[in-house]
Amino acid sequence: MSDRPRLLPLLTTHRHGSRSPMTCLYRCGNACDHPVPNRSDNPYFGDLVDAEVSRRGVVRAGAVGALVLGFGGAVASGAAPAAAAPDAAGPPTVPAVPEISDFAAPQRGTGSGALTFKAIPPNKLDTLVVPNGYDHSVVIRWGDPVVPDGPGFDLHRQTAARQAKQFGYNNDYVGVLPLDRQGRRALLVVNHEYTNEDLMFPGFTSQDALSVEQVRVAMAAHGMSVVEIERVDGTGQWQVVRTGRRPYNRRVTAHGTRFDLTGPAAGSAFLKTAADPRGRVVIGTLNNCAGGVTPWGTVLSGEENFNQYFVGGDAVADEVKPKLARYGISTTARYPSGSRRWERADERFDLAKHPNEANRFGWIVEIDPFDPERRPRKHTALGRFKHEGANVIVARDGHVVAYLGDDERFDYLYKFVSEKKYRTGDSRAARQHNLSLLESGTLYVAKLDQTSAAEIDGSGRLPADGAFDGRGSWIKLVSGDRSYVPGMTAAEVLTFTRFAGDQVGATKMDRPEDVEPSLRTGKVYVALTNNSERGAAGRPAADEANPRNANRHGQILELVEDSGDNTAEAFAWSLPIVCGDPADPSTYFAGYDKTKVSPVSCPDNVAFDAAGNLWISTDGNALGSNDGLFATPVEGPERGHLKQFLTVPVGAETCGPFITADNRSVFVAVQHPGELTGASVENPASNWPDGDIAKPGVVVAWRLDGAPIGT
């Protein structure tokens, strides 16, 4: 192999919003320059099943109202995290977690009130900007020590061993879980999605020229971090705890952490390898994107663009190639464009030698931040695809429901309903039971119908009935060990879930990313980021849920489950927001006066504050300004009044976000600052946050007067 630097995609052929070609290379392996993996001919929209849709019984003790959340809007009442006792020969005993069921109970609002901050204008500044009356600070950045004996950051002395004790690269999902009832201490849990070796290693020329040790540094910079933080002087500001035992602090990496496989596909032939002949233990997690906090106090993390880490797809058996190609893995070249060449440090990333290794990634990961000795798990019952993340709500009848998006052009929206029911209470037995809820259940894929199909012409023009809306159904794919997809076993459905969605005629969407249910109303919100292929030759044209061809800006989808029951098998849907410049007639903001809303492009992650307002972060702003964080009420007369709350530095993406249940702090992850074509360690495109090289980091913003964020 040559040491010639890898070529970046030409700007003239770049088709992914305003995202830099450098980001396309490192984040998703130039996905836009490869064929769309979904080549199925299933209809984009089909008629709903004529037979009456079966529904689960409705129990009136609504869990939406019963979820009295702890700090961070994450831990349900009666589900206080409890640390398991470590082995006698293990590390120092982890202190018991205080009961938190009534800590910082959030407001009961439904997102119908006005947001009081003055929207900040779009900009291209190399700094983080918040509204007047607010402040912000960096909580933690790449290279900061995580474990108590972690070394300080030294750009010129990085090793895999050092990086494995430091905060990883390109933080994405952010979760905050309380450690006390007074709101003074918490655990910060963060994903590290991918690395950019151009911006990490001085003198970088190519992946091939990296030493094996540098490849291992990159592996160690992937994964997750758990870090203890503390409130600063009773304000909305938080900082990392730098002294004391900090027994919860840990790093999860791509090369050094073992994960247990759970669910029906665990142990199947598709997951067995030479190193793991039982198919039940995986080393590492890759390309962790968004996530969610469960009602029982764990964190879920989605493995997304894992395809770019594998080589040798050209040498696998012919019957395996379609399965790899459907997940974006090249089967025609040994070293596809965007390859990271990790097989030089670990041969399991060479599919010519280990063809099943790719099947061991693309899952939802669950980590228990309160038990450093508990091995993280990959839940096969939730299906395998390019998971953006997973977010959970407890339905009225006690079943747990997780909503899932497959972040690929023309791929699908999913839902998982647990077999078991959630147990309330603070007992160890209740938490142990709840820790098993995602191991078995029913997986569905969404199929949407439309009400104004004949009026959709790809321009984004609103139909005559004044709304983009329709009905939809959840198509059952698998329940426990039983498959509902003809010709596929349950293990096949769960390991090759995209094929199952193809076969049952699921609705092809415009990159469904984060999917978040409101814990106040039960309504579900989906970020559909964009789709440059919409309406292209041979590709599906616009429809009512994806109303624009060559969709550059994306939209927000709202689902209302029948009877307000999150386990229902039918729903109504609408598009409250069609993103872009408000002056563009193809945009829509729930009917709100568009002269008063902020321009927004490429929604990526969504979250709710304690008052029920929807917050939206963006990735790849195609309007020419920096990415940012936005908020809007979702009910009442202010519905659709979208306002920009912050912007991130040059070249960066806004990830997270996470708003604490007392509404006093909003956390965001500033991912890939300065990631612009031509940038390097020696020639950075951004100096955020320390005035030297660009470093990804987590930021917290708060109101100077101590009042709630936003409202």
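**Figure 1. Cysteine 289 and cysteine 655 in the predicted model.** The sulfur of cysteine 289 lies 6.7 Å from the closest cysteine sulfur, which belongs to cysteine 655, and this separation is too far for a bond. Cysteine 655 is likewise in no disulfide, the nearest cysteine sulfur being that of cysteine 289. A disulfide is a covalent bond between the sulfur atoms of two cysteines. With sulfur atoms required to be within 2.5 Å, the count of disulfides comes to zero. Cysteine 289 counts as buried because its relative accessibility is 0%. Cysteine 655 also counts as buried, at a relative accessibility of 0%.

**Figure 2. The open sheet of six strands.** The strands follow the order E8-E7-E12-E11-E10-E9, and their pairing is mixed. Strand E8 (281-283) and strand E9 (288-293) stand at the edges; each has a single partner strand, so one side of each is left without a neighbour in the sheet. On average, neighbouring strands of this sheet are turned by 30° against each other, with direction ignored. Within the sheet, strand E10 (residues 299-303) and strand E11 (residues 364-367) run antiparallel and are joined by four bridges. At this pairing, serine 301 stands opposite valine 365 in E11.

Figure 3. Strand E18 (residues 469-479) pairs with strand E17 (residues 441-448) in the antiparallel sense over seven bridges. E18 also runs antiparallel to strand E24 (residues 570-578), to which five bridges join it. Two residues lie between the strands in the hairpin of E18 and E19, where glycine 480 takes a positive phi near 60°.

**Figure 4. Nonpolar cores and the surroundings of valine 698.** The largest nonpolar core has 112 residues, of which Leu188, Phe667 and Val698 touch the most other members. Apart from this core lies another, of 27 residues, among them Ile456, Trp474, Val515 and Leu557. Residues up to four places away in sequence not being counted, the contacts of valine 698 include Val138, Val139, Ile140, Phe167, Leu188 and Phe667. Ser137 and Asn171 are also among the residues that valine 698 touches. In soluble globular proteins, nonpolar side chains tend to be buried together.

Figure 5. Alanine 610 has a relative accessible area of 7% and is buried. Its C-alpha atom is separated by 7.4 Å from that of threonine 660, although alanine 610 and threonine 660 are 50 residues apart along the chain.

Figure 6. The mean pLDDT of the protein is 89, with 87% of its residues reaching 70 or more. Over residues 1-16 pLDDT stays under 50, and the model has 39 contacts beyond four places in sequence for this segment. Residues 44-107 likewise keep a pLDDT under 50, and the model has 185 contacts beyond four places in sequence for them. Where pLDDT is low, the predicted coordinates should not be read in detail.

Terms used: Residues numbered from 1 in each chain as written. Predicted model: local features only at pLDDT ≥ 70, side-chain atom pairs only at ≥ 80, totals over all residues. Heavy atoms only, no water. Pairing = 2+ DSSP bridges. Axes fitted to C-alpha atoms, helices over the stretch in contact; angles between N-to-C directions. pLDDT = per-residue confidence, 0-100. Contact = heavy atoms within 4.5 Å. Core = buried A, V, L, I, M, F, W, Y, C linked by side-chain atoms within 4.5 Å. Buried < 20%, exposed > 50% of the residue type's maximum accessible area, 1.4 Å probe, protein only.
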